[in-house]
Amino acid sequence: VIAAVAAKVENGVVNEARLGVGGITAKPLLIELNDVEGKSIKDALNSARRSIDASIDESIKGTKLLSDIHASDRYRLGAAKSFSLEAVKSALGGLS
């Protein structure tokens with residue numbers, strides 16, 4: 001499981017943010033983090049904490065999750081949510 005964030009920040013305001021998540025479905029997910037856009041870095045981090053789980057859950061609706069001998073689908077989903085939050089913290093936290 002892997003997660004990465006790309007964000008455009010100008011004058012301390014998040015103008016654009018995207019989350020890429022791989023290893024939980026057959027194709028990587030690209031999620032627009034609309035809940036953080038237009039907010040200060042601090043507010044964006046707080047919003048991300050609340051919205052990442054819901055955003056991932058919405059993105060995988062009707063999609064078969066990967067599962068194998070190395071990691072169950074539940075484990076992969078939990079890891080994806082945790083790694084995604086850490087990726088947002090890393091991308092935005094370094095800017096505050």
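**View 1. Lys-81, a buried lysine in helix α2.** Lys-81 has a relative accessible area of 17%, so it counts as buried (buried is under 20% relative accessible area, exposed is over 50%, and partly exposed is in between, using a 1.4 Å probe and protein chains only). Its place is in helix α2 (helices, H or I with at least four residues, and strands, E with at least two, are DSSP runs numbered from the N terminus). Leaving aside neighbours within four places in sequence, Lys-81 is in contact with Ile-52, Asp-53, Ile-56 and Asp-57 (contact means heavy atoms within 4.5 Å). A quick note on the model: it is predicted, so local features need pLDDT of at least 70 and side-chain atom pairs count only at pLDDT 80 or more, while totals for chains, interfaces and linings use all residues. Residues are numbered from 1 along each chain as its sequence is written, and side-chain values use heavy atoms, with hydrogens and water left out.

**View 2. Where α1 meets α2.** The two helices α1 and α2 pack at an angle of about 160°, with their axes 10 Å apart (axes are lines fitted to C-alpha atoms, for helices over the stretch in contact, and angles run from 0 to 180 degrees between N-to-C directions). That makes α1 roughly antiparallel to α2 (the label for angles over 145 degrees; under 35 is roughly parallel, 65 to 115 roughly perpendicular, and the rest oblique). On the α1 side, the residues that meet α2 include Ile-41, Ala-44, Leu-45 and Ala-48. Their partners in α2 include Leu-77, Ala-80, Ser-84 and Val-88.

**View 3. The bend and the buried side of α1.** Look for Ser-51, where α1 bends by about 45° (the bend at a residue is the angle between axes fitted to the seven residues ending there and the seven starting there). Ser-51 is also one of the buried residues of α1, and so are Ser-47 and Ser-55. What covers the buried residues of α1 includes β1 (2–10), β2, β3, β4 and α2.

**View 4. Asp-35 in its loop.** Asp-35 sits in the loop between β3 and β4 (39–40). With a relative accessible area of 40%, Asp-35 is partly exposed. Not counting residues up to four places away in sequence, Asp-35 touches Ser-47 and Ser-51.

**View 5. The largest nonpolar core.** This core has 23 residues, and Val-14, Ile-24, Leu-33, Val-36, Val-88 and Leu-92 have the most contacts inside it (a nonpolar core is a set of buried Ala, Val, Leu, Ile, Met, Phe, Trp, Tyr and Cys residues joined through side-chain atoms within 4.5 Å). At least two residues each come from β2 (13–22), β3 (29–32), α1 (41–59) and α2 (73–93). The largest share, six residues, is from α1. Zoom in on Ile-24: beyond its neighbours within four places in sequence, its contacts include Val-1, Leu-29, Ile-60 and Leu-77.

**View 6. Ile-31 in strand β3.** Ile-31 lies in β3 and is buried, at 5% relative accessible area. Ile-31 and Gly-20 are eleven residues apart in sequence and 6.3 Å apart in space, C-alpha to C-alpha. Leaving aside neighbours within four places in sequence, Ile-31 is in contact with residues including Ala-17, Leu-19 and Ser-59.

**View 7. Asn-11, out in a loop.** You'll find Asn-11 in the loop between β1 and β2. Asn-11 counts as exposed, at 84% relative accessibility. Its phi is near 55°, a positive value in a residue other than glycine.
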